[in-house]
Amino acid sequence: MVQEIKNGVLYFDGCNTVELAKKYKTPLYVMSETDIVSRFRELNECFVKKYGNARVAYASKAFCTLAMYKICEREGTCIDVVSGGELYTAIKAGFPAERIEFNGNNKLPSEIEDAVDYGIGRIIIDGLQELSLIEKICAQKGKKVKVLYRVTPGVAADSHDYIVTGKKDSKFGIPLDEDVFYPEVERAIKSEYVDFLGLHFHVGSQLFDNSAHLQALDIILEHVKEIKRRFGFVCTELNLGGGFGVKYTNEERKPYSYFIDPMMAKIKAAYEEMGEPMPAAVIEPGRSIVAEAGMNLYTIGSIKDIKGVRKYVSIDGGMTDNIRPALYSAKYEGVVANKADVKVSDKVTICGKCCESGDILIRDCLIPEGTEAGDLFAIFSTGAYGYAMASNYNNNPIPAVVLVKDGESNLIVKHQSYEDIIHNNLIPDYLK
Ligand SMILES: *Cc1c(COP(=O)(O)O)cnc(C)c1O
């Protein structure tokens with residue numbers, strides 16, 4: 001466990017949270033390297049080593065910084081990027097281009113040009129105009145790229161509507177309609193500018209049941225067989241996406257093998273039936289790598305007790321550093337980190353400082369009686385889609401990120417200054 005309580009104080013990966021708050025100020029994002037690495041190592045055992053021809057591509061949109069890419073590089077994983085900005089960050093971190101895979105439903109021509117220039121490992125085509133765009137760019141540059149098709153398997157995963165991505169009515173993926181899919185695949189197989197490898201699907205996020213993955217895979221494997229029948233072409237790579245659920249409050253986290261093993265068994269059966277060797281298998285976990293490795297630290301300020309209604313406890317951050325509760329009613333748990341062993345009996349609502357009534361981080365959170373301004377509040381499992389989705393709403397600066405490991409701490413993202421926030425502002429001459 002990377003969290004423990006010593007002398008009434010919450011520790012995270014060996015670091016005293018009160019001292020972290022003193023040293024780096026709040027609000028603060030804290031990331032546990034030990035926790036991140038333990039996820040990669042688990043995947044290495046139960047997927048990469050166990051199956052051989054298998055890769056993990058960390059979906060870096062969940063948490064994307066230079067230091068995170070360095071950890072991925074050291075741990076030997078691939079990464080998935082979904083924008084020119086993430087691609088740029090990875091390249092700046094010195095991440096090997098051939099281990100980068102590029103997803104996204106509207107990759108800009110300039111982003112594809114960068115990807116081709118850097119020589120990235122894979123482009124996952126996600127749209128009917130994209131192949132032509134890639135071909136044009138590759139023709140100009142005299143290069144060839146490896147591609148997969150992201151398809152929409154048409155299964156509905158059980159999660160929040162905003163993070164369900166595999167159903168037919170989705171902006172993601174190529175529909176599997178007969179008259180759309182096969183002509184597209186045929187074009188890719190015959191193209192002289194791309195190396196077509198296979199298919200990709202990603203059914204959604206924060207899933208605890210493997211049925212959506214398995215249903216999607218069944219559909220994908222039927223198409224793999226049909227591609228062989230029609231074109232004599234065997235897909236040599238299948239990308240199974242991410243979406244593995246994590247613990248925010250009382251969820252029961254499933255081991256990766258719960259998703260991976262039955263999927264690999266299905267792939268094995270299908271390829272044996274075709275009389276073909278196993279394809280490369282890729283997964284793209286994002287949330288499950290970094291969510292539980294993150295903790296947000298805040299200082300408690302104003303407390304408003306509306307008798308018989310609700311008690312609001314305000315902290316010095318909010319929806320600007322964690323939009324998930326406001327965006328999709330995400331649930332979190334937290335503790336008063338400097339009173340971590342005091343009995344909790346006061347039911348309060350933890351809210352942010354932004355000018356939005358919806359700026360609430362935790363409803364009905366139990367904290368110790370007598371919690372007061374100046375106390376430190378820690379929210380757990382904030383590592384995924386927290387810093388990554390931060391905004392400057394109300395011109396609040398984006399907090400610093402600290403990487404902790406075995407009692408050591410290092411700043412990996414500096415706290416934004418007010419000057420940083422207005423850095424790109426300009427005043428036209430006539431207003432001066
Ligand atoms: C977001 C995303 C992932 C990662 O999803 P998680 O739920 O964070 O594991 C993987 N693949 C693609 C294409 C994605 O868009």
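The points below go from the basis of the model to the overall fold, the strands, the loops and the ligand site.

1. Basis. This is a predicted model, in which local features need pLDDT of at least 70 and side-chain atom pairs count only at pLDDT 80 or more, while totals for chains, interfaces and linings use all residues. Residues are numbered from 1 along each chain as its sequence is written, and side-chain values use heavy atoms, with hydrogens and water left out.

2. Overall fold. The chain has 12 helices and 21 strands; helices (H or I, at least four residues) and strands (E, at least two) are DSSP runs, numbered from the N terminus. Its radius of gyration is 23 Å, close to the 22 Å from the globule rule for 432 residues, so the chain is as compact as a globular protein of that length. That radius is taken over C-alpha atoms, and the rule is 2.2 Å times the number of residues to the power 0.38. Along the principal axes, the C-alpha atoms fill a box of roughly 70 × 60 × 40 Å.

3. An open sheet is formed by 3 strands in the order β1-β2-β3, with antiparallel pairing; two strands pair if DSSP finds at least two bridges between them. The edge strands, each pairing on one side only, are β1 (3-6) and β3 (15-16). Strand β2 (residues 9-12) is joined to β3 over 2 bridges in the antiparallel sense, and F12 has C15 in β3 as its bridge partner.

4. Strand β14 and its partners. Strand β14 (residues 294-306) pairs antiparallel with strand β4 (residues 28-32) over 4 bridges, where V30 stands opposite M295. Strand β19 (residues 376-380) also runs antiparallel to β14, joined by 5 bridges; here N296 is partnered with I379. A further 5 bridges pair β14 with β15 in the antiparallel sense, and I306 stands opposite R310 in β15. In general, strands of a sheet pair through backbone hydrogen bonds, either parallel or antiparallel.

5. β14 and β15 form a hairpin with 3 residues between them, and G308 in the turn has a positive phi of about 75°. K311 lies in strand β15 (residues 310-315). The side chain of K311 makes a polar contact with that of D346 at 2.7 Å. A polar contact is a pair of N or O atoms within 3.5 Å; within protein, one must be able to donate a hydrogen and the other to accept it, and residues adjacent in sequence count only if both atoms are side-chain atoms. K311 and D346 are 35 residues apart in sequence and 8.9 Å apart in space, C-alpha to C-alpha. Leaving aside residues up to four places away in sequence, K311 touches I303, K304, D305, D346, K347, V348 and T349, where contact means heavy atoms within 4.5 Å.

6. Backbone geometry to check. T26 and P27 are joined by a cis peptide bond, with omega about -10°. P27 sits in the loop between α1 (17-24) and β4. S381, a residue other than glycine, has a positive phi near 60°; S381 is in the loop between β19 and β20 (400-405).

7. Ligand site. The ligand is surrounded by 15 residues, of which K61, S205, E284, R287 and Y385 are the closest; a residue is near if one of its heavy atoms lies within 4 Å. An oxygen atom of the ligand lies 2.7 Å from a polar side-chain atom of K61. A polar backbone atom of R287 is 2.7 Å from an oxygen atom of the ligand. A nitrogen atom of the ligand is 2.6 Å from an N or O atom in the side chain of E284. Taken alone, the ligand exposes 390 Å², and the protein buries 94% of that; accessible areas come from the Shrake-Rupley method with a 1.4 Å probe. The shell has 3 nonpolar, 7 polar and 5 charged residues. Ala, Val, Leu, Ile, Met, Phe, Trp, Tyr, Cys and Pro count as nonpolar, Asp, Glu, Lys and Arg as charged, and the others, Gly among them, as polar.
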